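Hello,

Here is the structure I promised to pass on to you. Have a look at it first, and then read on for what I found in it.

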Amino acid sequence: MSAGDDLTRIAKGEILSDGWSRKVYSVDASHYVVIPSVIVCPQDQYDIEDICKYCFSKNIPITARGAGTSLLGQSLSDNIVIDCTKHMNKVIEIGDDYVIVQPGVVKGVLDMELKSKGKFLPPDPASSNYCTIGGMIANNSSGAHCLGYGNTIDFLQEIHVVYSDGNSGSLCNMSNSVANKKFNNAANERLMKNLFNLLSSYSDTIQKQYPKVTKNSCGYRLDAVINDEGFSPQKIFAASEGTLGIVTCAKMRIMDIPLYRHLIVLGFEDLLSALYVVPLILQFFPIALEMLDHTVFSGAENKQKLSDDKSIGCLLFVEFAGDKMTYVERNVDLFKSKLSDRCNIIESATDEQSMIRIWRARKSALNHVMKLTFGRRKPIGLIEDTVVNPNLLHDYAQYLQQKYIQDKLDFVMYGHVGDGNLHTRPLIDMDSKSEIELIERLAHEVFNKVIRAGGTITGEHGDGLARVKYIKYMYGNKIFSLFREIKTLFDPKFIMNPGKKVIQSTS
Ligand SMILES: Cc1cc2nc3c(=O)[nH]c(=O)nc-3n(C[C@H](O)[C@H](O)[C@H](O)COP(=O)(O)OP(=O)(O)OC[C@H]3O[C@@H](n4cnc5c(N)ncnc54)[C@H](O)[C@@H]3O)c2cc1C
């Protein structure tokens, strides 16, 4: 009997093993294609527990999947894929400052429900209309407004997870004395105590080795687990790409929608003159500071919606918000007077419809970049998500531009520049061996530069298949062997989304 037949007996949800379904699930938003053997759409947490028990007993790999919008291949598997979007997609409870959701709920759907109550969950990936909360947690996703409010990891209060052996547990903030904490089962208690002891013994190394940046999705986020609030084991699931367990429920902190917002679009002659003023703009504490270079908007409809001025080569989108209009407007006036001789103020909007229209231009950047694919010549995402301190961003972007010019590569640049998070892709012919070697060499050089500058190789998109080999390079041997110990604690048989984060050693 095949795994598909066994799963039909075990799970209440649908089991898909026909050729068409396997083809549909063989792709995400990366350039990889990996065909799964079976797809399961679990009805509930108990289905996931039973599937995990079965897979654990037979050593069969399991990969959870949300909407499959990941950019580096993290939701792909040649084995069992668990799709939480079909049945496990409910908003369970909305409180005054929290929401409890199942992992398959689409962020855009949640946004609408929260908005009707005057609330919001700030991380806002440009893929919000499709991506799920489970995928956002597992990638530690961000978005334009994370500058002002924080990333997914910062909103993660509690999760319920199913581990590789089918056991489950709830993880939430606890004080530093794990010894006094009540756990829902002995296995979970043992796991949490081991995790706490392990991380406590490495706290100095973690403190020293992690990048000092505002967003990071590389490796496991051990730096966030023992923090000012004590022990927050749920945070180890942020950016873990489904390699430690499957999230079946999450409690996220939510916020009140600010009463007043003001969005300004600034036009600059070129990218470098725009990035030069980023540190100055940050002194005014915007909640969003985004960049769109002409390499993305030239030829597209985006720029025409915002400006017809041909001398403008780069746009910055700056948003301010607060509950007091007078306070926000005073800040905006000061901001405009400081910036007015350095750029053109193209738009200044305070009404919701105009802001939606303007943000749409920025949000569709990656969609437009994807359309630059011509045959096997593609905008390849490998160095597309680095973060450096925003004060270093101008010099870093100049370095990248020079590299592209030296290597005669066409490229695009845009990103969350307030966080120092630059999205850039060279156009690479995937049939050309020399161009593939070129991007590998470029990645090595660029990552080296970023790491030496105290940054991270991925701020929000994660490691997936494409960057897994660079994780060790990013953190060094000590932290990487700690990752291996942690993976072994949670997933001793290495069956949870194998090939991502930490690969089982063959020796
Ligand atoms: C056009 C476009 C724009 C984008 N813009 C942004 C952006 O602005 N900011 C940003 O941060 N990202 C962005 N992304 C990347 C991507 O959309 C996000 O990472 C998104 O949150 C992934 O969600 P998903 O539901 O598609 O997850 P998937 O791709 O399906 O899965 C992502 C990871 O989550 C794991 N996973 C899924 N569900 C669970 C679960 N229940 N338990 C454990 N693990 C689970 C999977 O195994 C996988 O490792 C963009 C992508 C596209 C295509």
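The ligand lies between domain 1 (3-83) and domain 2 (91-256), because both of them give residues to the shell around it. The domain bounds come from an automatic or database domain assignment. Please keep in mind that this is a predicted model: local features need pLDDT of at least 70, side-chain atom pairs count only at pLDDT 80 or more, and totals for chains, interfaces and linings use all residues. Residues are numbered from 1 along each chain as its sequence is written.

In that shell, 37 residues surround the ligand, and the closest are Gly66, Gly134, Gly135, Ala138 and Gly242. A residue is near a molecule if its C-beta atom, placed from the backbone, lies within 6 Å of it. Two or more shell residues come from each of strand 3 (62-65), helix 5 (133-139), strand 12 and helix 16 (365-370). Helix 5 gives the most, with five residues. Helices (H or I, at least four residues) and strands (E, at least two) are DSSP runs, numbered from the N terminus. By type, the shell divides into 14 nonpolar, 19 polar and four charged residues. Here Ala, Val, Leu, Ile, Met, Phe, Trp, Tyr, Cys and Pro count as nonpolar, Asp, Glu, Lys and Arg as charged, and the others, Gly among them, as polar.

The protein also has domain 3 (260-368) and domain 4 (372-460). Between the C-alpha centres of domain 1 and domain 4 there are 32 Å.

Five strands form an open sheet in the order 5-6-12-8-9, with antiparallel pairing. Strand 5 (91-94) and strand 9 (168-172) stand at its edges with a single partner strand each, so one side of each has no neighbour in the sheet. On average, neighbouring strands here are turned by 15° against each other, direction ignored. Strand 5 pairs with strand 6 (residues 98-101) over three bridges in the antiparallel sense, and Val91 stands opposite Val101 in strand 6. Two strands pair if DSSP finds at least two bridges between them.

Strand 20 (residues 411-416) has two pairings to look at. Strand 15 (residues 288-293) pairs with strand 20 in the antiparallel sense over two bridges, with Tyr414 as the bridge partner of Leu292. Strand 20 and strand 21 (residues 421-429) are also antiparallel, over six bridges, and Val412 stands opposite Arg425 in strand 21. In the hairpin of strand 20 and strand 21, with four residues between the strands, Gly420 takes a positive phi near 75°. Five of the six residues of strand 20 are buried (20 or more other C-beta atoms within 10 Å of a residue's own; exposed means 12 or fewer, partly exposed in between, with C-beta atoms placed from the backbone).

Finally, some backbone angles. Most residues other than glycine have a negative phi. Glu241, however, has a positive phi of about 55°; this residue lies in the loop between strand 11 (230-231) and strand 12 (246-253). Glu241 counts as buried because 28 C-beta neighbours lie inside 10 Å. Asn497, in the segment after helix 20 (477-490), has a positive phi near 40°. Asn497 also counts as buried, with 28 C-beta neighbours inside 10 Å.

Best wishes

Methods:
Axes are lines fitted to C-alpha atoms, for helices over the stretch in contact, and angles run from 0 to 180 degrees between N-to-C directions.
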